[in-house]
Amino acid sequence: MTDTARTARTGLPERPTLDGLEERWARRWQEDGTYAFDRTKNRADVYAIDTPPPTVSGELHMGHVFSYTHTDTVARYQRMRGKTVFYPMGWDDNGLPTERRVQNVYGVRCDPALPYDPVWRPPTTPVDEAARRDAIPVSRRNFIELCEQLTVADEQIFEVLWRRLGLSVDWSLTYTTIGLVARATSQRAFLRNLRRAEAYQAEAPTLWDVGFATAVAQAELEDRERPGAYHRLRFTGPAGREVLIDTTRPELLPACVALVCHPDDERYADLVGQTVRSPLFAVEVPVHAHPLADPAKGTGVAMVCTFGDLTDVTWWRELRLGTRVVIGRDGRLLPEPPAGVPAQPYAALAGQTINGARREIVAMLGDAGDLVGEPRPITHPVKFYERGDRPLEIVSTRQWYLRNGGRDEALRATLLALSEQLRWVPAHMKHRYDHWVGGLTGDWLVSRQRFFGVPVPVWYRLDDTGEPDWSQPLTPDESALPVDPSSDPPPGYDESQRGRPGGFVGDPDVLDTWATSSLTPQIVGGWETDPDLFARVFPMDLRPQGQEIIRTWLFSSVVRSHLEHGVLPWRDTVLSGWILDPDRKKMSKSKGNVVTPLALLEQHGSDAVRYWAASGKPGMDLAFDPAQIKIGRRLATKLLNASKFALGLGAADALRTPYDNSSSARLTPRRDLELSATAPLDRAMLAELATVVSAASTAFDSYDHTAALQVTEAFFWRFCDDYIELVKERAYGTGPAADSARAALASALSVQLRLFAPVLPYVTEEVWSWWRYGSVHQAPWPTTYEVTRTIEGTGEPALLRLAGDALSQVRRAKSERKLSMKAEVPLAEALGPAALLEQLTLVADDLRAAGRIGKLDLLPDRTPTLVVACAF
């Protein structure tokens with residue numbers, strides 16, 4: 001029978017192709033509800049995933065494809081294991097990144113003092129750099145409308161790409177971190193934290209990003225190496241003693257409140273408890289001993305300023321020092337000197353930028369003779385907000401905090417104990433969590449001085465002089481959430497009383513984006529709004545995320561869940577590695593080495609890109625390698641063609657009934673094959689396939705999609721290169737031997753399609769549709785029982801390898817003589833141990849047919865290993 005005739009008989013496509021599969025099957029999956037969550041199932045039958053919502057203020061890159069593909073393999077595997085998978089998609093459109101993008105796209109800035117302009121419209125064409133520098137001021141409400149408008153457009157672009165990649169999410173469960181549900185959930189949780197005294201307000205030193213004009217939490221910090229210089233300043237001690245101080249921040253001299261030395265440093269022991277006089281300003285400051293002072297750093301004695309860095313804050317708090325603030329929220333020195341600092345020398349610094357003030361005071365110190373030597377250049381770590389581009393300052397502000405164990409040893413111990421209950425993949429990532437929790441120095445600062453975010457849901461009474469009463473915030477009823485204190489009045493007041501003595505004022509701040517994102521399980525799970533759904537999905541099964549946000553997203557989610565529910569929010573967490581460029585450097589936008597995925601998906605196909613992504617294990621870094629994507633394309637193409645060939649051999653004819661994809665059928669294995677595998681080679685192949693199923697299942701249960709793919713792929717190539725070639729002549733025929741081959745082919749193809757389905761969803765669905773009903777992604781995951789029940793008797797996997805080895809030697813002999821693989825071999829002699837050749841006799845007919853061998857002689861005990869010699 002010709003290939004064309006076989007194709008026509010079975011209804012197979014004449015020329016199968018990967019092109020167009022994404023569009024066709026993505027649409028079909030959506031229409032059929034293939035991945036819809038079944039909310040009638042009990043919790044035991046649900047697998048719930050707390051999906052990370054990507055930030056929509058930029059472009060998706062290969063790092064996103066990498067990690068989200070990993071999660072999708074888990075979702076697909078669990079669905080095939082009989083679970084109904086709760087797999088939502090979220091968009092993180094809340095916070096600073098969105099504001100910065102709106103400012104850049106439209107050339108605007110928010111001015112809360114301006115009234116709302118309902119007729120104002122943004123520019124219709126992209127603005128240039130000049131327009132960004134001379135930004136148009138707009139009201140807060142106008143600005144928020146722009147943020148909402150831009151994020152909707154970005155989210156649509158993201159969804160198109162995710163659908164093309166083949167993520168099996170239930171798109172009806174999509175949420176945003178700034179939507180009504182998220183705002184209400186975030187505010188409800190905050191109000192409950194407030195009632196339980198877990199949230200509190202305080203005036204305190206605050207890390208401040210001058211560029212973004214907002215407070216920053218400890219979890220959002222990063223150190224960046226920056227050039228600086230040590231300046232040696234001359235203080236004057238008792239009896240005119242010279243006390244030298246090395247500092248990188250001489251501009252903070254008017255903020256100096258003390259000097260510190262180490263308690264064991266004998267050089268300065270006599271100074272402790274005394275006072276010294278600062279240069280230029282002649283302010284008397286005390287000298288203290290503190291163990292954080294480093295005798296080997298600089299001169300061994302340090303200047304404490306309010307505030308130069310976090311160590312200054314520690315010294316200020318523990319030594320109960322006074323406060324002299326000189327830096328304002330705009331990053332400039334305040335117009336007036338702090339109390340006790342003379343106005344005349346300070347006047348030259350007032351209103352200066354940090355760098356300007358530094359240059360000015362260095363010149364002044366030099367003129368006064370109080371700068372010893374020349375500044376010494378250094379490179380040192382400087383604190384930055386992770387999204388900022390200017391060094392952080394520390395200013396005193398009133399902010400909201402949430403208790404997180406930073407100042408509560410009992411809570412810290414509880415949060416560390418919860419880490420022990422969580423399953424970490426890979427296990428070593430747990431250390432990062434423990435290290436972070438153990439190193440916390442303060443509570444979580446959750447308020448931000450921005451505009452596009454979840455408003456802090458409180459107001460304050462104004463006394464008769466118009467001053468707010470911070471100690472008794474006014475709060476809404478939960479039924480009124482979400483609220484915006486900047487436009488909604490508190491209970492018992494009306495809008496006419498806003499800002500008036502005896503009236504009220506709304507809290508102007510918004511909550512940190514992590515204060516909302518930390519509640520993603522509650523947001524999407526219907527906490528307090530859909531108790532039935534919440535009971536079916538919470539606590540969730542899996543939190544997949546990046547390793548770099550363990551201290552932010554993962555830790556903050558654990559904190560919120562513990563405070564509200566007393567449990568972990570999920571059972572397992574799987575952490576992604578980094579994507580590296582060809583030079584093994586981490587890909588990042590700042591380095592300009594990011595690769596965007598759309599062109600790759602269009603060029604190579606989604607399955608090929610997913611194959612590359614699945615080549616990286618959880619927690620392990622993976623280099624971006626276009627060659628690996630091409631290998632994935634080759635695998636998907638081979639799966640198409642080999643499947644067509646196997647089905648053309650009559651594999652589909654071996655099936656008595658198609659799979660029933662109903663839930664009851666998925667839970668109870670059925671005998672689908674009318675025929676059994678009776679031939680030794682067929683039994684051997686299926687016996688090996690059973691071990692592959694076991695290994696792949698174990699790997700997926702351990703979140704090791706890479707190992708599952710590797711074992712499946714290795715078998716598939718042996719199946720194609722050896723088994724199909726060995727069995728195809730027999731499968732063309734009739735009778736028991738042909739029936740055995742077709743039964744084995746049908747079972748093997750069905751099982752392999754399902755093993756590949758979590759990684760290669762498009763090509764497996766396409767092939768499945770040629771001969772099976774329903775979706776391969778709703779078919780049951782294969783079991784060893786399913787494979788072995790096709791075998792009549794037992795099978796020996798080594799027999800397939802033996803036959804494959806013999807066939808490869810015959811092929812090599814033909815290749816060395818530059819003969820066609822269809823060339824006849826009049827005589828072949830098989831030499832080797834007698835026991836090995838006895839095994840070879842079991843597959844001798846298949847070997848002769850595949851190798852086109854006229855006569856096969858077996859010569860035992862001539863060689864220690866199998867050798868097949870061909871005579872032409």
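## Working through the cores, helices and a sheet

Set aside the neighbours within four places in sequence, and phenylalanine 719 is in contact (heavy atoms within 4.5 Å) with Met685, Ile724, Leu745, Ala748 and Gln752. Keep in mind that this is a predicted model, where local features need pLDDT of at least 70, side-chain atom pairs count only at pLDDT 80 or more, and totals for chains, interfaces and linings use all residues. Residues are numbered from 1 along each chain as its sequence is written, and side-chain values use heavy atoms, with hydrogens and water left out.

**Exercise 1.** Find which residues of the largest nonpolar core touch the most other members.

*Solution.* Start with what counts: a nonpolar core is a set of buried Ala, Val, Leu, Ile, Met, Phe, Trp, Tyr and Cys residues joined through side-chain atoms within 4.5 Å. Buried means under 20% relative accessible area, with a 1.4 Å probe and protein chains only. The largest core has 91 residues, and the ones touching the most other members are Met685, Leu686, Leu689, Phe719, Tyr723, Leu745 and Leu840. Next, look for the second, separate core: its 82 residues include Phe143, Leu191, Met429 and Tyr460.

**Exercise 2.** Work out where the buried residues of helix H28 sit around its axis.

*Solution.* First, list them: in H28 (residues 844-851), Ala844, Asp846, Leu847 and Gly851 are buried. They span an arc of only 160 degrees around the axis (taken from the directions from the helix axis to the C-beta atoms), so they lie on the same side of H28. Then check the partners: these buried residues pack against several elements, including helix H21 (680-701), helix H22 (705-732) and strand E28 (853-860). Finally, step just past H28, where arginine 852 takes a positive phi of about 55 degrees.

**Exercise 3.** Describe how helices H11 and H12 are arranged.

*Solution.* Take the axes of H11 (residues 409-421) and H12 (residues 430-438): they come within 10 Å and cross at roughly 180 degrees. That angle makes H11 roughly antiparallel to H12 (over 145 degrees). Now pick out the contact: H11 supplies Arg412, Leu415, Leu416, Ser419 and Glu420, while H12 brings Lys430, Tyr433, Asp434, Val437 and Gly438.

Definitions and conventions. Buried < 20%, exposed > 50% of the residue type's maximum accessible area, 1.4 Å probe, protein only. Helix = DSSP H or I, 4+ residues; strand = E, 2+ residues; numbered from the N terminus. Axes fitted to C-alpha atoms, helices over the stretch in contact; angles between N-to-C directions. Parallel < 35°, antiparallel > 145°, perpendicular 65-115°, else oblique.
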